[in-house]
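Let's take a walk through a protein model together. Keep the picture open beside you and follow along as we go.

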Amino acid sequence: MPSRAWPWLWMLLAPAVMAESLRIGFGTHKPPYVFENESRGLEYDIVAAAVSAAGYELDARYAPMERLHLAIVRGELDGIATTNAFSGVRAYYSQPYIHCQNVALALSSRGYRITGIADLGHYSISAFQRARHLLGPEFQAMAEANPRYREEALQINRNRLLYSGRVEVAVGDPRILRYFNREVADQVDTTQPVTQYLLFPPTAYSVGFRLKEQAERFDRGLALIRASGQYLQIEQRYADY
């Protein structure tokens with residue numbers, strides 16, 4: 001190859017070689033959204049695609065949500081997923097990249113009448129970490145006033161607690177709860193009917209970034225994968241969960 005071709009080859013390869021790495025924190029194992037250490041999941045794939053479209057290289061880290069929020073404050077991460085402006089953490093929040101429909105669930109045999117968030121204050125509750133912030137001010141007020149409210153670092157624990165009767169109500173995404181049923185079926189009776197209480201509007205989740213430029217570039221990447229149809233393809237990949 002003539003030597004004068006090398007500068008042009010370098011220019012073509014430079015973006016791939018010099019792509020800036022982004023340390024993004026994801027919560028621990030919560031299929032179908034995040035399959036921990038498998039580099040896949042509905043949420044993981046969306047974030048990874050937007051990061052790539054923004055010209056970054058994804059460096060995924062996994063930890064419980066409380067630890068992730070501390071890590072970004074300390075500068076140990078560039079961003080954290082599954083958060084929003086209600087989190088209480090100062091960060092630059094991206095546009096929402098996913099909406100999840102969280103619900104309250106109880107064993108149907110208990111016959112509870114739950115018509116609003118305030119009613120949850122009468123029951124023992126297991127929710128996911130940071131739910132008290134992410135599900136809005138009314139839920140936060142209930143959680144802080146309820147001595148029987150708890151949050152789980154490992155989301156599979158909610159299935160064990162709910163079906164064993166150790167808590168009266170579980171709060172979370174029903175897709176995650178359904179997935180974990182298969183993993184706890186030898187420990188608790190997951191065939192028990194469950195009633196869902198639709199108390200919450202869809203929860204919009206963003207990535208919280210340390211730097212404004214990172215959030216802005218992520219937003220551009222997110223817009224690109226929506227426009228190209230890649231976002232829809234990722235959704236379809238996990239439609240059976």
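With what handedness does α2 pass α9 in their crossing? Hold that thought for a moment, and keep in mind that what you're looking at is a predicted model.

First, the whole thing. The protein chain has nine helices and eleven strands. Its C-alpha atoms fill a box of roughly 80 × 35 × 30 Å along the principal axes. Of its 241 residues, 49% count as buried. Now take the contacts in the chain with a separation of 6 or more: 75% of them come from residues 24 or more positions apart.

Back to our helices. Helix α2 covers residues 42–53 and helix α9 covers residues 230–237, and their axes come within 9 Å and cross at roughly 165°. An angle over 145 degrees counts as roughly antiparallel, so α2 is roughly antiparallel to α9. And the handedness? α2 passes α9 in a right-handed crossing. On the α2 side, the contact is made by Leu-42, Asp-45, Ile-46 and Ala-49, while α9 brings in Gln-230, Tyr-231, Ile-234, Glu-235 and Arg-237. Sort these residues by class and you get five nonpolar, one polar and three charged.

Helix α2 has another partner, helix α8 (residues 212–228), and here the axes come within 7 Å and cross at roughly 110°. That angle makes α2 roughly perpendicular to α8. Ile-46, Val-47, Ala-49, Ala-50, Val-51 and Ala-53 of α2 meet Phe-218, Gly-221, Leu-222, Leu-224 and Ile-225 of α8. What classes of residue make up the contact of α2 with α8? Ten are nonpolar, one is polar and none is charged.

Next, have a look at the loop between β1 (20–26) and α2, where you'll find Pro-32. A cis peptide bond joins Pro-31 and Pro-32, with omega at about 5°. The loop between β1 and α2 also holds Ser-39, which has a positive phi of about 55° although it is not a glycine. Why point these out? Because most residues other than glycine have a negative phi, and most peptide bonds are trans. Ser-39 is partly exposed, with a relative accessible area of 46%.

Arg-130 also has a positive phi, near 75°, and is a residue other than glycine. You'll spot Arg-130 in the loop between β7 (125–128) and α4 (131–134). Is Arg-130 buried or exposed? At 7% relative accessibility, Arg-130 counts as buried.

His-69 sits in helix α3 (residues 65–73). With 3% relative accessibility, His-69 counts as buried. The side chain of His-69 also makes a polar contact with the side chain of Thr-83, at 3.1 Å.

One last stop: helix α7, residues 174–184. Its buried residues are Pro-174, Ile-176, Leu-177, Tyr-179, Phe-180, Asn-181 and Val-184. What do the buried residues of α7 pack against? Their neighbours are β6 (103–107), α6 (156–164), β9 (169–172) and β10 (194–197). At the start of α7, look for Asp-173: one of its side-chain oxygens reaches to within 2.7 Å of the backbone nitrogen of Arg-175.

Conventions:
Residues are numbered from 1 along each chain as its sequence is written. This is a predicted model: local features need pLDDT of at least 70, side-chain atom pairs count only at pLDDT 80 or more; totals for chains, interfaces and linings use all residues. Side-chain values use heavy atoms; hydrogens and water are left out. Helices (H or I, at least four residues) and strands (E, at least two) are DSSP runs, numbered from the N terminus. Buried means under 20% relative accessible area, exposed over 50%, partly exposed in between (1.4 Å probe, protein chains only). A polar contact is a pair of N or O atoms within 3.5 Å; within protein, one must be able to donate a hydrogen and the other to accept it, and residues adjacent in sequence count only if both atoms are side-chain atoms. Axes are lines fitted to C-alpha atoms, for helices over the stretch in contact, and angles run from 0 to 180 degrees between N-to-C directions. Angles under 35 degrees count as roughly parallel, over 145 as roughly antiparallel, 65 to 115 as roughly perpendicular and the rest as oblique. A crossing is left-handed if the near helix is turned anticlockwise from the far one by less than a right angle, and right-handed if clockwise. Contact means heavy atoms within 4.5 Å. Ala, Val, Leu, Ile, Met, Phe, Trp, Tyr, Cys and Pro count as nonpolar, Asp, Glu, Lys and Arg as charged, and the others, Gly among them, as polar.
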